[in-house]
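Opening the notebook on a new model today. I want to walk through the fold and jot down what I looked up.

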Amino acid sequence: MFDEVNGLMRLRALVDESTLEHPIKEELLLCFLRARKYNVDRAFKSLKNYLKMVKNYPELFTNLSAFKLRFQLKEQLQLVYKSRDKQGRRIFIFRAGRWNPKECSLDDIFRCNLFCLQQLASNLDSQINGIVAIVDLENLGLHQARHFTPSYAKKIADLLIETFPISFQIIHIVNQNWIVHTLMSIIWPFLSATIQKRLLYHGSCWASLHEYVDVADLPEDYGGFRERLDCSKLPDTKVSIEETCNLFNLN
């Protein structure tokens, strides 16, 4: 078993010897260390990438709180689902097709996704085992797709590739149409080979999705036995939100 204390000491030494501008808490260092399978060099690289992204896109990393994002979060485009996949990993659901550009910007969507991912990354189990995502693109249309530029595709790719302190084990794409293939052609060059291999397209073939997530652990929306997502009660996340704010606070 990996010596977590020794790994943390080595990572802290790299941080102290560097020119990183922010004071980094040990809890956040552990988050990066666990997400990168205790590879100290990879953890340090991810940390630097993360801080670089915070610096380059400050508008995406400010005011990430349940209160500041309350109007966007109530639309429930982003859900941390209560069940797990067959490997015991937490499931993050992003219903992108529900996005109304007249109600909130693409930056708002990104910030809500980031907020939910920070909650997941604050969980020890998710730090070690990673997570899986279900990206639901039902009803995605041109009025939404036109906002998705190459520069924005790079922002998304930057977050997925060795940056955020959580491992995306599988990204399930469901209910996709022809527009999605056009959008993927934009983001594809920015994705690493590893992430490209972890993207699985299911369409509306739920039997394909059920190979990875048990039918008993999915809502009716995806051919499962649990109640529909719009009928589900949101979990009480007051504690996790408080922990998240403390963990990712770089001040």
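I started at glutamine 76, which sits in the loop between helix 5 (70-73) and strand 1. A reminder to myself: this is a predicted model. Glutamine 76 has a positive phi of about 55 degrees, although this residue is not a glycine. I noted the angle because most residues other than glycine have a negative phi. Is glutamine 76 buried or exposed? Its relative accessibility is 17%, so glutamine 76 counts as buried, the cut-off being under 20%.

Next I looked up tyrosine 38, in the loop between helix 2 (26-35) and helix 3 (40-56). Tyrosine 38 is not a glycine either, and its phi is positive, near 65 degrees.

**The sheet**

I then followed the strands by their pairing. Strand 1 (residues 78-84) and strand 2 run antiparallel, joined by 5 bridges. They make a hairpin with 5 residues between them. In the turn I found glycine 88, with a positive phi of about 80 degrees. Which residue stands opposite arginine 84? I found another arginine there, arginine 90 in strand 2.

From strand 2 I moved on to strand 3, where the two run parallel and share 5 bridges. In this pairing phenylalanine 94 is opposite valine 135 of strand 3. Strand 3 also pairs with strand 4, again in parallel, through 6 bridges. Here alanine 133 faces isoleucine 171 of strand 4.

How many residues of strand 3 are buried? I got 6 of its 6. I checked the two faces separately. One side carries Ile131, Ala133 and Val135, the other Val132, Ile134 and Asp136, and all of them are buried.

**The cores**

The largest nonpolar core has 67 residues. I listed the members that touch the most others: Tyr50, Phe92, Leu117, Phe164, Ile171 and Leu191. Which element gives the most to this core? That is helix 6 (residues 106-121), with 10 residues. Apart from this core I found another one, of 14 residues, including Tyr81, Ile93, Val213 and Leu229.

Which elements give two or more residues to the lining? I wrote down strand 2 (90-94), helix 6, strand 3 (131-136), helix 8 (142-145), helix 9 (150-160), strand 4 (168-174) and helix 10 (178-187). Helix 6 supplies the largest share, 5 residues. By class the lining has 27 nonpolar residues, 2 polar and no charged ones.

**Cysteines**

How many disulfides does the model have? My count is 0. I looked at cysteine 116 to see why. Its closest cysteine sulfur belongs to cysteine 112, at 6.8 Å, which is too far for a bond, since a disulfide needs the two sulfurs within 2.5 Å. Cysteine 116 has 6% relative accessibility, so I put this residue down as buried. Cysteine 31, at 0% relative accessibility, is buried too.

Glutamine 144 is in helix 8. Its relative accessibility is 3%, so glutamine 144 counts as buried.

Valine 15 belongs to helix 1 (residues 4-17). With a relative accessible area of 8%, valine 15 is buried. I compared valine 15 with leucine 47: they are 32 residues apart in sequence, and their C-alpha atoms are 9.2 Å apart in space.

Technical notes: Residues numbered from 1 in each chain as written. Predicted model: local features only at pLDDT ≥ 70, side-chain atom pairs only at ≥ 80, totals over all residues. Heavy atoms only, no water. Core = buried A, V, L, I, M, F, W, Y, C linked by side-chain atoms within 4.5 Å. Buried < 20%, exposed > 50% of the residue type's maximum accessible area, 1.4 Å probe, protein only. Helix = DSSP H or I, 4+ residues; strand = E, 2+ residues; numbered from the N terminus. Nonpolar A, V, L, I, M, F, W, Y, C, P; charged D, E, K, R; others polar. Pairing = 2+ DSSP bridges.
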